[in-house]
Amino acid sequence: MEQMLGAFQSDLSSISSEIRTLQEQSGAMNIRLRNRQAVRGKLGELVDGLVVPSALVTAILEAPVTEPRFLEQLQELDAKAAAVREQEARGTAACADVRGVLDRLRIKAVTKIREFILQKIYSFRKPMTNYQIPQTALLKYRFFYQFLLGNERATAKEIRDEYVETLSKIYLSYYRSYLGRLMKVQYPFEALFRSQHYALLDNSCREYLFICEFFVVSGSAAHDLFHAVMGRTLNMTLKHLESYLTDCYDAIAVFLCIHIVLRFRNIAAKRDVPALDRYWEQVLTLLWPRFELILEMNVQSVRSTDPQRLGGLDTRPHYITRRYAEFSSALVSINQTIPNERTMQLLGQLQVEVENFVLRVAAEFSSRKEQLVFLINNYDMMLGVLMERAADDSKEVESFQQLLNARTQEFIEELLSPPFGGLVAFVKEAEALIERGQAERLRGEEARVTQLIRGFGSSWKSSVESLSQDVMRSFTNFKNGTSIIQGALTQLIQLYHRFHRVLSQPQLRALPARAELINIHHLMVELKKHKPNF
């Protein structure tokens with residue numbers, strides 16, 4: 001039994017040793033399996049990246065470039081070429097097996113793409129009636145140019161240079177022709193300027209966005225490429241504008257052109273096209289000095305005008321002030337949209353000179369009444385024109401409103417002086433005495449007061465009728481004349497009411513003539529009959 005058990009123990013030890021050996025062998029086999037699987041995956045990726053499928057070869061060699069499968073296989077070819085370049089950099093020897101095939105396919109693709117894009121560019125040279133070049137049709141083939149950039153930069157540069165040369169000539173030719181036709185049209189210049197620059201804006205925005213997307217550029221590179229295409233056209237437009245402005249004296253047209261540029265600049269900014277910023281600045285550099293020069297010439301012209309050389313004068317609005325009102329209101333209404341302080345300063349200078357001119361002309365009339373009629377007519381006319389177009393709170397409106405109010409009040413006093421001057425003088429003297437505490441001196445004025453009461457009672461109706469007719473004859477604006485009559489009647493009522501208060505003083509209260517005073521309310525009712533209806 002002991003021998004048998006020893007043999008059994010020896011067999012068990014042998015089996016245990018064999019099991020450990022099998023475990024070690026199994027572990028080693030698992031490691032080798034995993035390594036081989038990893039190598040197989042890597043080799044599979046490498047082989048897939050290097051193998052050139054027959055579909056790719058067929059599409060590149062036979063398919064037209066406009067077919068979708070050519071574009072799909074071109075993208076596949078681009079990816080394989082990039083993968084081969086990466087593996088070559090790592091020293092992969094297998095790349096040599098496919099390099100020749102890929103090079104032949106790349107050359108074939110480059111050749112077909114070059115011919116196709118150049119034909120598209122040459123097709124732009126055909127005459128078109130709408131002055132819009134259909135370069136955006138190339139955008140669906142923008143990967144073609146990206147393929148050239150990655151695989152044949154010399155051809156990519158050739159295509160870009162040919163595009164720049166062709167489009168530069170086409171734009172210059174089209175815009176020269178368009179501008180020539182446009183300037184033959186009988187429109188105001190600002191309308192022609194707007195049409196010209198709207199077309200320029202539209203085409204420039206489309207061109208810039210196309211360049212950025214098709215040629216894969218941005219920033220300064222996109223700016224330089226855009227100006228290589230559009231620079232000659234922009235320079236030609238600037239020279240034409242400079243030539244026109246040399247003999248232009250239409251300040252409103254130039255100012256409208258300035259605001260057209262400011263709006264178009266905002267449109268270009270909203271479209272994210274900064275390439276035109278320098279051009280807009282160059283245009284404004286031409287327009288602003290000319291506009292300021294014309295305004296300064298107008299200021300000097302008004303300043304040097306001699307009223308005695310203007311021929312016969314009357315109290316109606318002068319043609320110079322009417323021209324100023326229409327001119328100034330146009331500029332003010334335009335300037336309100338995008339205010340400019342320099343413009344307001346020049347308009348302020350012009351306004352001062354016009355006000356001085358109106359005073360110089362008024363001084364030619366012999367009577368103060370005629371002077372006031374002339375001033376009121378001119379201030380009222382200028383104010384009316386300005387209020388039609390400018391804001392009610394503008395400086396010009398406020399200034400002429402103050403001038404009109406002051407001269408109107410003076411005219412009313414001048415108007416009331418002949419028929420009611422004695423009454424005005426007495427009321428002012430009596431109020432002064434009462435204010436100084438010298439009311440006792442009024443006792444010596446009974447005869448004067450009696451004469452004033454009876455004189456007013458007998459003549460006020462005819463006097464009011466006469467001054468109403470005088471006002472309506474004197475002022476060209478019926479509404480303004482009505483307002484002046486109303487102001488005069490209101491002031492007359494106030495004057496007579498003050499006269500009543502003076503006569504209520506103890507010193508004059510017992511005056512018999514007080515019984516002949518007209519009742520204030522009765523006077524108001526009667527005066528309303530003389531108020532003109534507008």
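Colleague: To begin, in which helix is the place of Asn480?
Modeller: Asn480 sits in helix α16, which covers residues 478-503. Helices here are DSSP runs of H or I with at least four residues, and strands are runs of E with at least two, numbered from the N terminus. Please note that this is a predicted model, in which local features need pLDDT of at least 70 and side-chain atom pairs count only at pLDDT 80 or more, whereas totals for chains, interfaces and linings use all residues. Residues are numbered from 1 along each chain as its sequence is written, and side-chain values use heavy atoms, with hydrogens and water left out.

Colleague: Is Asn480 buried or exposed?
Modeller: Asn480 is buried, because its relative accessible area is 8%. Buried means under 20% relative accessible area, exposed means over 50%, and partly exposed is in between, with a 1.4 Å probe and protein chains only.

Colleague: And what does Asn480 touch?
Modeller: Leaving aside residues up to four places away in sequence, Asn480 touches Ile376, Asp380 and Phe475. A contact means heavy atoms within 4.5 Å. Asn377 is 103 residues from Asn480 in sequence, yet the two C-alpha atoms are 8.6 Å apart in space.

Colleague: Turning to the core, which residues touch the most other members of the largest nonpolar core?
Modeller: Leu287 and Phe499 do, in a core of 160 residues. A nonpolar core is a set of buried Ala, Val, Leu, Ile, Met, Phe, Trp, Tyr and Cys residues joined through side-chain atoms within 4.5 Å.

Colleague: What does Leu287 touch?
Modeller: Not counting residues up to four places away in sequence, the contacts of Leu287 are Phe193, Leu241, Leu245, Val254, Cys257, Ile258 and Val261. Cys257 is itself buried, at 1% relative accessibility.

Colleague: How many disulfides does a search of the whole structure find?
Modeller: The search finds 0 disulfides. A disulfide is a pair of cysteine sulfur atoms within 2.5 Å.

Colleague: How many salt bridges does the structure hold?
Modeller: The structure holds 24 salt bridges. A salt bridge is a side-chain nitrogen of Lys or Arg within 4 Å of a carboxyl oxygen of Asp or Glu. One of them joins the side chains of Arg125 and Glu162, at 3.2 Å from N to O.

Colleague: Where do Arg125 and Glu162 lie?
Modeller: Arg125 lies in the loop between α4 (95-123) and α5 (142-151), while Glu162 is in helix α6 (residues 153-182), so the pair ties together parts that are 37 residues apart in sequence. Arg125 is partly exposed, at 49% relative accessible area. Thr166, also placed in helix α6, touches Arg125 and Ile121, not counting residues up to four places away in sequence. Thr166 is buried, with a relative accessible area of 3%.

Colleague: Which residue does Asp161 meet in a salt bridge?
Modeller: The side chain of Asp161 meets that of Lys157, at 2.8 Å from N to O. Because they are 4 residues apart in helix α6, about one helical turn separates them. Asp161 is partly exposed at 35% relative accessibility, and Lys157 is partly exposed with a relative accessible area of 47%.

Colleague: Which residues do salt bridges with shared partners join into one network?
Modeller: Asp103, Arg106 and Glu152 are joined in that way.

Colleague: One last topic, the backbone: what is the phi of Val216?
Modeller: Val216 is not a glycine, yet its phi is positive, at about 55°. Most residues other than glycine have a negative phi. Val216 is in the loop between α7 (189-214) and α8 (219-246), and is partly exposed at 47% relative accessibility. Asp272 also has a positive phi, of about 60°, although it is not a glycine. Asp272 is found in the loop between α9 (251-270) and α10 (277-303), and at 57% relative accessibility counts as exposed.
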